[in-house]
Amino acid sequence: MPALLVSADPAPLATVPAMPTVDPLGSLLDAFLSLSAEHPELLGFTLGRSGGAGEGGALVRYTWKGPRGGGTGRVKLGLFAGIHGDEPAGGWALLDFAAALLARPELGEGFEFVFYPCCNPTGLVLGTRFNSAGLDLNREFWRGSAQPEVRLLEHELDLQSFDGLIALHADDTSHGLYGYARGRLLAEELLRPALAAASAVLPANHDSVIDGFPAERGLIRDCFCGVLAAPAGQRPQPFDIIFETPALEPLAAQRSAAVLGLQALVATHRRFISYADGL
Ligand SMILES: [Zn+2]
């Protein structure tokens, strides 16, 4: 079995900017725009505006297709960050991950990635968990929410019909990394190596209860209602992972940990595909 393709070449990450303290949304969107200008194969699209913050309210997606693998079609992954506005590391981790894929496309062979670097633009501008209407967007999905961010993202989830969903979060009550694995068993098989790889940067949380849920070496199978998820009627249901970094740790470390986690997750998934193709 080949080694995990993580942190193999740190060079691509040197070209992406550091996280800013002023204009957090504008800087993140500009960084994605620059990356896309440099690599036109990274396609940007503005889904709409979340309102309340003028230009700062844009909700965007970026799409990149890896080289075709030997199998049929590509595995389509939706990567979501910034659902809570006070968790900025995730959006920058998606930027680094996209930059690494563009520098070494073979790492994304057989996959299509759809990046949503900031799902709560007004919250990021305000530096709050909630959006500018005062709501936790991660309790609003598939409940008839009127929030523009939720409606835009629900439409996306319907339209894209992802094979897997990965949401990056940060938790200020956790002393270490952990994650939620939901849906198919595949989610657990992917989350474990992701946590292991990321723990090179930050420790994992091995408490028996995390965030009020029973946990096993940083892995939780239960979840809150109303979190960003695939439509209930989608068949087959995608695997669904929420990856949490400890929010009180330095943002740069959270950012690196999330990138390592994503790279390990995709490398593991690629091995599963290669194995299945060889059967
Ligand atoms: Zn969060």
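How many of the 15 residues of α2 are buried? In this predicted model, 13 of them are, and the legends below begin with that helix.

**Figure 1. Helix α2 in the predicted model.** Helix α2 covers residues 89-103 and is mostly covered, with 13 of its 15 residues buried. From its first C-alpha to its last, α2 reaches 21 Å, close to the 21 Å expected at 1.5 Å a residue.

**Figure 2. The largest nonpolar core.** This core has 83 residues, of which Ala 98, Ala 198 and Ile 241 touch the most other members. Helix α2 gives the most to the core, contributing 10 residues. In soluble globular proteins, nonpolar side chains tend to be buried together. The surroundings of Ala 198 are shown in detail: leaving aside residues up to four places away in sequence, Ala 198 touches Leu 177, Ala 257, Ala 258, Leu 260 and Gly 261.

**Figure 3. The whole chain, for orientation.** Six helices and 10 strands make up the secondary structure of the chain. The radius of gyration is 17 Å, close to the 19 Å that the globule rule gives for 279 residues, so the chain is as compact as a globular protein of that length. Along the principal axes, the C-alpha atoms fill a box of roughly 50 × 45 × 40 Å. Of the 279 residues, 49% count as buried. Among contacts between residues at least 6 apart in sequence, 77% join residues at least 24 apart.

**Figure 4. The cis peptide bond at Pro 236.** The bond from Arg 235 to Pro 236 is cis, and its omega is near -5°. Pro 236 lies in the loop between β9 (219-220) and β10 (239-246).

Figure 5. Most residues other than glycine have a negative phi, and most peptide bonds are trans. Ser 161, in the loop between α4 (148-160) and β5 (164-171), has a positive phi near 45°. Ser 161 counts as partly exposed because it has 14 C-beta neighbours inside 10 Å. Asp 211, in the loop between β7 (209-210) and β8 (213-216), has a positive phi near 60°. With 17 C-beta neighbours inside 10 Å, Asp 211 likewise counts as partly exposed.

**Figure 6. Confidence along the chain and at residues 1-12.** The average pLDDT of the chain is 90, and 91% of the residues score at least 70. Over residues 1-12 the pLDDT is below 50, and this stretch has 18 contacts in the model beyond near neighbours in sequence. Where pLDDT is low, the predicted coordinates should not be read in detail.

Note on methods. Residues are numbered from 1 along each chain as its sequence is written. This is a predicted model: local features need pLDDT of at least 70, side-chain atom pairs count only at pLDDT 80 or more; totals for chains, interfaces and linings use all residues. Helices (H or I, at least four residues) and strands (E, at least two) are DSSP runs, numbered from the N terminus. The radius of gyration is taken over C-alpha atoms; the globule rule is 2.2 Å times the number of residues to the power 0.38. A residue is buried if 20 or more other C-beta atoms lie within 10 Å of its own, exposed if 12 or fewer, and partly exposed in between; C-beta atoms are placed from the backbone. Two residues are in contact if their C-beta atoms, placed from the backbone, lie within 7 Å. A nonpolar core is a set of buried Ala, Val, Leu, Ile, Met, Phe, Trp, Tyr and Cys residues joined through C-beta atoms within 7 Å. The expected span of a helix is 1.5 Å times one less than its number of residues. pLDDT is the predictor's confidence in each residue, from 0 to 100.
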